[in-house]
Amino acid sequence: MLLRKSVAELRPLIAPNADGHLPLTQRLINEYVQSHPNKKKPGQGLIASWDHSLPDVIEALVARGLDGVEVLVEYSTPGMAGEADVILAGQHPTTKDLSYVVVELKQWRKAVVSSTNPIAVDAGYDKLKLHPVRQVQRYCEYLVQHLAPLHGHPDRISGVALLHNARHEVASLFDLPPSSRGRLYTRDQLGGFEAFLATRLEAGVSGARAADVLCRATQYEAPSSSEAFSRVGSPHPVFALQKEQEIAFQDVYEKVRAGGAKSGRKRVFIIQGGPGSGKTAVAVELLRTFRQEGYHVVHASGSRSFTTNLRQSAADAAPRGKKSATEKQARKDYRYFQQFGHLPENSLDVLIADEAHRIRTKSNGRDVKQLARERGLPQADELINVAEVPVFLLDDWQSLRPDEVGSVAYLMERAKACGCDYEVLELPGMFRAEGSAAFRDWVTKLLSLNPTSASAWVPDGRIDVRLAESPEEMESFLEERIRTETAQARMTAGFCWEWETPENGELLLEVQIGEWHRAWNAKDEVKLKHVPESSQWATDPRGFGQIGCIYTAQNFEFDWSGVIIGQDLVWREGRFRVDRTKTHDKELKRSSVSDERVDELVRHAYHVLLTRARTGIVIYADDVPTRNALRRLISGTVSDSPLAKPKKKKLPPQVTEVEKDLAEQLTIEFD
């Protein structure tokens, strides 16, 4: 949040200076620069919004005698896709309860709704934008899900979109039905905007208490991937999709509703996003919605740990007496990429191919039927052919093995080869690492995944990034987080030690650094007392103490993550270099795999490991020169005091009732 003031305090700040800017705008520019770690200035679009949109909101409040209302400018919480332009805090005139109005401001003069997607809008930009009414609805729903004062009290918040430059030129935007959490006003409807505010905020009453409650609110953390998938049987939303997530969801939904391939040429949807961009949220809501509406939809992945975990989560969530039937159904609902080659064409309505960067050149293994072997199709073609609407979710920088070929370019190529249209959708947001897009970009530069060079990490007040001088120090710090914060923490490492089968019922201590010896997580199918199976390592509390490898850590996230950078990735001559002689990944040790491919895949592995954390990450490098280099790039150490942050909590039991409220789209008429 950049600024919090009452309407009475803001009113004198909206008279233009000699340079045409408002004193309020200059104040916001200064706050913006101070709140951004690289001290960058806001874009011209944001400045224009402060100059030209905010005054209309303040004047509307003044016109209705709402001088005591508190105005929160550029409000956000981790997990929101950007900032809510304005939140107004006050008292409801009828209920006398806390009352909040989220206001989305747009500078648009012209806009038209897409002919194929009712919530996508062409407003003259390079890409379609989310309908502003749907955007503010989703902001409201997100805040209800995640802020304690609103959770269980959804009637305390409403939303409105104000297009103060537009009139009849945006007529098609009114086709989206309004609700208590989202309605639209334009330049010729400012009187209606004022009237709406008066129905939600009481004149003559200070909004200070309401603003205090919101700013100090306990936050509930989003569900983990396994928790989210365990709730796909619910008729109520698990996630409040935002911006590009919502557009991607609606694009797929409209194609399925139209009949998929029966409505014309088959269309392949390719949804690309980096770590924490919301791919899981889109997958969950697609799966939940299509199941609810009776479509034959299946989720697939190339990860044994991920798929096994999802099957187990479904079984654990089953009512008493139905676990066996649920387990059987879960094996049908959650499958592996290699299990589709023998099925008839278009035998599924929808296939959600999650983590599609792990698609192989060809399907192999015991799950592959003889008919599939006879057909001999590329695995991607098998997945495209089996569904009326195939949906691929991927990150080009997360493939891990030499025969994993899933990428946006490859899937486009296979879609064309199969005679299909395709649509590529980008998810640029960041919903992990406390919403720190800066951290995601820093990791990308650090590992040279893009052409830019590594830079020092500048703390942004979101994710906590620290160095450890030893693995013992890292482990002790994470143990303290578990004890004092009830945090979920895990340690992972690059594949620089052998991963061996246990002997005599005990794990071997393969990961050895000096006097510190720890075991890798258990292998698939290994069952030992006091040790979770491989697929449960990321979610079972007993997983802490074993070191997770890349194959068990991918697809999961943790509050705190400890990452050991092994001897396969060392800092030399100002950048990270890959030493393939130090890897113990058998797939990468084959002489048939080129140095260039090994280099790429090792960097991908560390990209995954370094982007698992929600709250904080501790990094230790086994190589001394690498450790020295990282000291110059990361100032925080485990001996520093933890950041003081509001404690996040798990969602309380009444979540089902709240979700029910979120699902209802109420239309309310105002005088």
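At what angle do helix H4 and helix H6 pack, and how far apart are their axes? Helix H4 (residues 54-63) and helix H6 (residues 190-200) pack at about 65°, and their axes lie 9 Å apart. Here helices are DSSP runs of H or I with at least four residues, numbered from the N terminus; axes are lines fitted to C-alpha atoms over the stretch in contact, with angles from 0 to 180 degrees between N-to-C directions. The model is predicted, so local features need pLDDT of at least 70 and side-chain atom pairs pLDDT 80 or more, while totals for chains, interfaces and linings use all residues. Residues are numbered from 1 along each chain as its sequence is written, and side-chain values use heavy atoms, without hydrogens and water.

Now look at the contact (heavy atoms within 4.5 Å). From H4 come Asp 56, Val 57, Ala 60, Leu 61 and Ala 63, which meet Phe 193, Glu 194 and Leu 197 of H6. By class, that is 6 nonpolar, no polar and 2 charged residues (Ala, Val, Leu, Ile, Met, Phe, Trp, Tyr, Cys and Pro are nonpolar; Asp, Glu, Lys and Arg charged; the others, Gly among them, polar).

Next, the cavities: sets of points on a 1 Å grid over the protein atoms alone where a 1.4 Å probe fits but cannot get out, with lining residues having an atom within 4 Å of a point. The largest cavity is lined by 15 residues, with Phe 495, Ile 550, Asp 585, Leu 588 and Ala 605 nearest its centre. Helix H20 gives the largest share of this lining, 5 residues.

Notes
Helix = DSSP H or I, 4+ residues; strand = E, 2+ residues; numbered from the N terminus. 1 Å grid on protein atoms, 1.4 Å probe; cavity = no way out; pocket = protein on both sides within 12 Å on 5 of 7 lines; lining within 4 Å.
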